[in-house]
Amino acid sequence: VTRGPFWKRLALAVAMVSTAGCQGGALRNESKAEATSVRGSVVRIGFVAPLSGPFASAGEDMRRGFHLYLDRHEGRLGGRQVNVIEVDEGAGPETGVPAIRRLLSRDRVVAAAGIVNSAVALGAHQSFIDARVPLIIATAGANALTGPKGSEFIWRTSFSNADFNLAFGRWLARQPPVRGGVFLLAPEYVAGHEQLEGFKAAFTAGGGKIAGEQYSPFGTTQDFQPYLTQVRASGAGAVYAFYGGQDAIGFVRQYKEFGLTGRIPLYGPGFLTEGPTLIAQGAAGDGIMTAHNYSPDLDTPVNRDFVEAYEAVYKAPPTGFAVQAYDAGAVLDAALDRIDGAVSGSGLAAALPKIGEIDSPRGTWRFTGRRNPDQHVYLRQVRREGDGYINAVLDDLGPVEREATP
Amino acid sequence: MIGWLSDNLVSILNGVALGCLLFALAVGLSLVFGILDVLNLAHGSLFVAGAYAAWRLADDGTIGGFLLAVVVAAGIGGAGGLALTVATRPLAGRGHLDQALLTLGIALVVTELVQTWFGRDPHGVLPPLSGSLDIGGGYPIYRLALIGIGVAVAFAVDCTVERTKVGALVRATVCDPDMVAALGVNTRLVRTGAFTIGGALAAVAGVLGAPLLGANPHLDTQVLLLALVVVVIGGLGSVRGALLGALLIGQVQSLGIALAPRQAPFLLFGVMALVLVVRPAGLLGSRAVAA
């Protein structure tokens, strides 16, 4: 390979990227003149979810949930016709953040919902604040997004990373002591640490003992043998693991293959046994106990109705991801309903604190002062039912006292 | 020493099993690079094709289904290799950057097609041999079988390349294609054959790896990364180098993580950097990485 053309091409690429950067800046200034929409006219709502990358499966469920809400309400939110503009979040901030900037500057939406990856949400949240457009996060769990420094434009229908783990840790600490302590496992990235910190804080505060803690490289770990061998060597009496998607399938199957299933109980936040993951784990998942904000097994009229409608369209049971996006639709519906006349981002932000309770398939919930859901966390266990496995609801662990979490 | 060995027996054994899988994955990439001088970034897509064949045909956990998946995957992989030969031929002599762009583009298209046909959900595949042996508290039988299969594949490929007439032609084409052509050998046939077999091996590796790695649309980038590391460490175009590199990376990913879990994210590339500093052409390679 001769060097000349390559360096020339590289220089050209650098030039193109820097020009694109300038352009972005110009568009962002422009968007400070707020986008508005009059009643009777069409409201433009953005929806951000990954179509590709490791979180594509969660993104698919979120799209399904959001669209199901719209379809069940004649495509209208707060009495207004809605034009949903969907963008691909991609695998991370390098694709997600530019897509969101386009949504704000070119498509001029009055509100947006979605986002799986916390890094995308953290990278884009200032753009929403600058553009005065409310963002309803439907998955991304980074604690800081609804922390003490939150903004009136950033809301969340899903969870803070610590939430489910606090509930599980508190519950486990009240059970007979785990002989040998609990071994903690998660992928090495921000969410992995925040999830385990939640469990650790509540479990040790209740007198529980931690046997060990390991973080596996994120996105490149397919073989969990080294970690499972360490669990065995530590003499731990239980394992608490935060894994999702393909990681959760590999982890749970290998947990059985290496002979830990049946000897060392496996616990974790609900992502460990959620949706397609549960189906792919098959018999290896049997008995795993998790804490989550939803299970299709919840026996309430609202949920039975929701599950029936969801399965009729998508031929698969709904997941927490789907419900969180469904509720983002409900939140926007309630907020738009409180606005007379033209809809603006700041008008919506002013209406959001007043919407009160959301009657969701996961049970009723409302926003806390920090704009995170004040919701119930359920204790679930994987059980065989018919041909497959379900997350049977064992107990209601009650609401998480949100403001106490970091 | 004995105590240390028995403590880490499972990790060492598992490293060998992973190494055997990595060899089946990487040897095709290495051969194609050595013989055709094509940097095939769509190699991972062929692996993914094998993984999905395993999911569709072998998830009942029977040996019959698994063998069927191997045969189907070999066919798909071979056809894929053939198609890639045709696609990359016009780029001959235009350098690795153009080849990398083309094959990366093909890989992206394949990922999108897989998502369209099979959906975005990840899937698991049951191993054809279930159960585990009582080594260090339990070791899956299928992983032991992988060691046997890996050794057999390595032996077959090595014998073919080193001891048969076809192998001699292949080696000669690697060294000096113009001279081989001048001797009246159809080098185009040699190249096409190498790409076809390399593709078939990658897809079969996808079936073999499915009980460990499952099937999802984004598996291609994960395994391509590992295959590139193995090939670079072993030396481009060398079969024995690929075997050595695969076994080394297998141990790094298993014993290495067990001994130094906190350094796990850096181990893989740390070892690669170390090998490249000491031997820039890879462990058994004869030429430096040029790109």
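Guide: Buried area is the accessible area, taken with a 1.4 Å probe, that two parts lose on being put together, summed over both. The model shown here is predicted. In it, the area buried between chain B and chain A is about 2,900 Å², and carbon and sulfur atoms give 52% of that area.

Visitor: Which three residues supply more than any others of the area that chain B buries against chain A?

Guide: They are B:L97, B:R120 and B:P122, which supply 19% of it. In terms of contacts, 43 residues of chain B touch 33 residues of chain A.

Visitor: How many salt bridges does the rule find across the interface of chain B and chain A?

Guide: A salt bridge requires a side-chain nitrogen of Lys or Arg within 4 Å of a carboxyl oxygen of Asp or Glu. The rule finds two across this interface. B:R120 forms a salt bridge with A:E60, at 3.0 Å from N to O. There are also 13 residue pairs in polar contact across the interface.

Visitor: In what order do the strands of the open sheet in chain A lie?

Guide: The six strands follow the order 3-4-2-5-6-7, with mixed pairing. Strand 3 (76-77) and strand 7 (154-156) of chain A each have a single partner strand, so one side of each lacks a neighbour in the sheet. Helix 2 (residues 56-71) of chain A packs on this sheet, and its direction makes about 155° with that of strand 2 of chain A.

Visitor: Is B:L67 buried or exposed?

Guide: Exposed means over 50% relative accessible area. B:L67 counts as exposed because its relative accessibility is 52%. This residue lies in helix 4 (residues 63-88) of chain B.

Technical notes. Residues numbered from 1 in each chain as written. Chains lettered and ligands numbered in written order. Predicted model: local features only at pLDDT ≥ 70, side-chain atom pairs only at ≥ 80, totals over all residues. Heavy atoms only, no water. Helix = DSSP H or I, 4+ residues; strand = E, 2+ residues; numbered from the N terminus. Buried < 20%, exposed > 50% of the residue type's maximum accessible area, 1.4 Å probe, protein only. Pairing = 2+ DSSP bridges. Contact = heavy atoms within 4.5 Å. Axes fitted to C-alpha atoms, helices over the stretch in contact; angles between N-to-C directions. Polar contact = N/O pair within 3.5 Å; in protein donor to acceptor, adjacent residues only side chain to side chain.
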